Amino acid sequence: MSETDTEGRRIANEARDRVRFEEEALALSDQVFRVARGLVNSREEAEDLVQQTYERAFRSWRSYTPGTNLRAWLLRILTNLNIDRARRVQRRPQTQPMEEGDYFLYNKLEESAGRPLEEERVVERLSQDDVVGALSSVPHDFRDVLVLVDIGDFSYQDAAQILDIPIGTVMSRLHRARRVLKQELADRAVEDT
């Protein structure tokens, strides 16, 4: 048997194994979808998660050991992808509706001027020195988190690792730092009127 024949058989066997793997994996797609649907909030997210699971499974099909539990192998991929997705979501800043207290600067300027002010005029009143001064008035522990997350664009998780504090502490310090900074900026803007 020549080397070419051996290589041809190896390629044919591999192709046959891959087709068998794909057929067996796709036969489990309903079960994989049901598990995905239980992990995420919407049908669309579940469909995306299943698609990603099969993409990864088909790319790394050689790492599956035939004769072992294929369903468990696919669900492990699904679970890992869901964990990765949750981490990405956690790193994104949370958006919340603004509360009345978040309009502190505008309210204070409006009171002092007696009429609503345009945003551009408010921003014009604050010099870079005002912003730096307001930032320096934020307590050190809070300022570190504010600088890392809001200015440095680090995720909460990254900031927690850099500062060696729990992620919950990062979030609470960031919230407090933003409140202090807003109030300081409002005070400085009003002083300039």
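What separates Tyr 54 and Phe 58 in helix α3? Being 4 residues apart in that helix, Tyr 54 and Phe 58 are separated by about one helical turn. The structure is a predicted model, in which local features need pLDDT of at least 70 and side-chain atom pairs count only at pLDDT 80 or more, while totals for chains, interfaces and linings use all residues. Residues are numbered from 1 along each chain as its sequence is written, and side-chain values use heavy atoms, with hydrogens and water left out.

A search of the whole structure finds 6 aromatic pairs, where rings of Phe, Tyr and Trp (its six-membered ring) pair if their centres lie within 6.5 Å, and planes under 30 degrees apart count as stacked, over 60 as edge-to-face and the rest as tilted. The rings of Phe 21 and Phe 58 have planes at 75 degrees and centres 6.2 Å apart, so this pair is edge-to-face. Phe 21 belongs to helix α1 (residues 3-27) and Phe 58 to helix α3, so the pair ties together parts that are 37 residues apart in sequence. Helices (H or I, at least four residues) and strands (E, at least two) are DSSP runs, numbered from the N terminus. Tyr 54 and Phe 58 also form an edge-to-face pair, at 5.8 Å centre to centre and with 65 degrees between the planes. Phe 21 is buried, with a relative accessible area of 5%, and both Tyr 54 and Phe 58 are buried (buried means under 20% relative accessible area, exposed over 50%, partly exposed in between, with a 1.4 Å probe and protein chains only). One aromatic cluster is formed by Phe 21, Tyr 54, Phe 58, Trp 61, Tyr 64 and Trp 73.

Helix α3 can next be viewed through its packing. Helix α3 (residues 43-59) packs with helix α4 (residues 70-91) at an angle of about 120 degrees, and their axes are 9 Å apart. Axes are lines fitted to C-alpha atoms, for helices over the stretch in contact, and angles run from 0 to 180 degrees between N-to-C directions. The angle makes α3 oblique to α4, given that angles under 35 degrees count as roughly parallel, over 145 as roughly antiparallel, 65 to 115 as roughly perpendicular and the rest as oblique. On the α3 side, residues in the contact include Leu 49, Thr 53 and Tyr 54, and on the α4 side they include Trp 73, Leu 74 and Ile 77 (contact means heavy atoms within 4.5 Å). Thr 53 lies in helix α3 and is buried, with a relative accessible area of 0%. Not counting residues up to four places away in sequence, Thr 53 touches Val 32, Leu 74, Ile 77, Leu 78 and Leu 81.

In helix α8 (residues 140-151), Phe 142, Val 145, Leu 146, Leu 148 and Val 149 are buried. Arg 173, placed in helix α10 (residues 167-191), touches Asp 141, Phe 142, Val 145 and Ile 165, leaving aside residues up to four places away in sequence. The C-alpha atoms of Arg 173 and Asp 144 are separated by 9.0 Å, with the two residues 29 apart along the chain. Just after α8, Asp 153 takes a positive phi of about 60 degrees. Ser 155 sits in the loop between α8 and α9 (156-163) and, at 7% relative accessibility, counts as buried. Ser 155 touches Arg 91 and Val 149, again not counting residues up to four places away in sequence.
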